[in-house]
Amino acid sequence: MITKSKTALIMVDLQNDFCQGGSLAVPNGDDVVFLANQLQPHFHLVIATQDWHPANHTSFASNHPGHTVGEVIAIDGVEQVLWPDHCVEGTPGSAFHPALNTSHVNKIVYKGSDKTIDSYSAFFDNAHLRSTGLCDYLLEHGVHDIYIMGLATDYCVKYSCLDAAKLNLNVHVIVDACRGIDLQEGDIAKALQEMQQVGVKIVNMEEVLANMY
């Protein structure tokens with residue numbers, strides 16, 4: 001059985017710009033908001049992440065004249081996919097989806113606020129130069145078992161899971177409570193395989209809720 005007092009749910013980037021009508025909408029991204037609401041009451045800690053970019057963020061294709069959305073370039077030696085402008089701090093696009101219940105949220109982790117580097121993971125920026133402090137927060141609360149869901153499977157969910165595994169947390173990804181981009185066909189399947197290779201457990205909603213008490 002899952003021990004409620006020692007688990008945390010991490011809801012990744014359930015923001016307007018990643019949902020229907022957003023500037024970087026993940027296909028069927030809205031579907032997971034209802035699932036997030038179902039899951040939250042069953043965990044001792046609930047953490048929500050938000051992309052929180054300045055308007056001149058390096059990941060935006062608009063800030064690289066001559067380049068287009070979807071291109072991959074190197075910035076200071078770090079591979080960067082160029083995206084449409086999205087989740088600009090304080091804009092409606094950066095806000096949580098209006099249907100998301102935030103009354104259970106214990107902590108919000110803002111990421112990608114440094115204009116010079118992207119931050120897919122809930123734990124570190126993409127060059128692992130700076131921590132968000134999330135791991136320390138979890139350990140301070142006696143949490144080693146984490147369950148990750150949200151957007152997108154092949155980017156922010158994947159990198160959050162990989163980093164959490166490196167930090168020796170017991171990581172589960174709730175696969176049917178995630179949606180992916182599949183920028184290149186097969187990216188979602190490859191992401192799940194990468195997670196499993198480092199010990200991340202692939203679970204589904206039914207399994208998680210059946211073991212709650």
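This is a dialogue on how to read some features of a predicted model.

Biologist: Since the model is predicted, I would like to begin with the open sheet; in what order do its 6 strands stand, and is the pairing parallel or antiparallel?

Modeller: The order is β5-β2-β1-β6-β7-β8, and the pairing is parallel. Strands β5 and β8 (201-203) stand at the edges with a single partner strand each, so one side of each is left without a neighbour in the sheet. From one strand to the next, the twist averages 25°.

Biologist: How many bridges join β7 to β8, and which residue of β8 stands opposite His172?

Modeller: Strand β7 (residues 170-179) runs parallel to β8 and is joined to it by 3 bridges, and the residue opposite His172 is Lys201 in β8.

Biologist: Which strands of the sheet does helix α1 touch, and which does α3 touch?

Modeller: Helix α1 (residues 31-39) packs on the sheet against β1 (7-12), β6 (145-151) and β7, and its direction makes about 135° with that of β7. Helix α3 also packs on the sheet, where it touches β1, β5, β6 and β7, and its direction makes about 165° with that of β6.

Biologist: How should I read the packing of α3 with α4, and at what angle do these two helices pack?

Modeller: An angle under 35 degrees counts as roughly parallel. Helix α3 (residues 153-166) and helix α4 (residues 187-197) pack at about 5°, with 10 Å between their axes, and they are therefore roughly parallel to each other. The residues that meet are Thr153, Asp154, Tyr155, Val157, Lys158, Cys161 and Leu162 from α3, and Asp187, Ile188, Ala191, Leu192, Glu194 and Met195 from α4. Sorted by class, this contact of α3 with α4 holds 8 nonpolar, 1 polar and 4 charged residues.

Biologist: Which residues of the largest nonpolar core touch the most other members?

Modeller: That core has 63 residues, and those touching the most other members are Met11, Phe123, Leu138, Ile146, Met149 and Ile174. Helix α3 supplies the largest share of this core, with 7 residues.

Biologist: Turning to a strand taken by itself, which residues of β3 form its covered face, and which its uncovered one?

Modeller: In a regular strand the side chains alternate between the two faces of the sheet. In strand β3 (residues 72-75), Ile73 and Ile75 make up the covered face, whereas Val72 and Ala74 make up the uncovered one. Strand β3 runs antiparallel to strand β4 (residues 78-81), and 4 bridges join the two; Ile73 stands opposite Gln80 in β4. The hairpin of β3 and β4 has 2 residues between the strands, and Asp76 takes a positive phi near 50° there.

Biologist: What does relative accessibility say about His97: is it buried or exposed?

Modeller: The cut-off for buried is under 20% relative accessible area, and at 14% His97 therefore counts as buried. His97 lies in the loop between β4 and β5 (107-111), and among the residues it touches are Leu14, Cys19 and Asp30. Although His97 and Cys19 are 78 residues apart along the chain, their C-alpha atoms are separated by 7.5 Å.

Biologist: Where does Glu89 lie, and which residues does it touch beyond four places away in sequence?

Modeller: Glu89 lies in the loop between β4 and β5, where it touches Trp52, His53, Pro54 and Ser94, leaving aside residues up to four places away in sequence. With 39% relative accessibility, Glu89 counts as partly exposed.

Key: Residues numbered from 1 in each chain as written. Predicted model: local features only at pLDDT ≥ 70, side-chain atom pairs only at ≥ 80, totals over all residues. Heavy atoms only, no water. Buried < 20%, exposed > 50% of the residue type's maximum accessible area, 1.4 Å probe, protein only. Pairing = 2+ DSSP bridges. Axes fitted to C-alpha atoms, helices over the stretch in contact; angles between N-to-C directions. Parallel < 35°, antiparallel > 145°, perpendicular 65-115°, else oblique. Contact = heavy atoms within 4.5 Å. Nonpolar A, V, L, I, M, F, W, Y, C, P; charged D, E, K, R; others polar. Core = buried A, V, L, I, M, F, W, Y, C linked by side-chain atoms within 4.5 Å.
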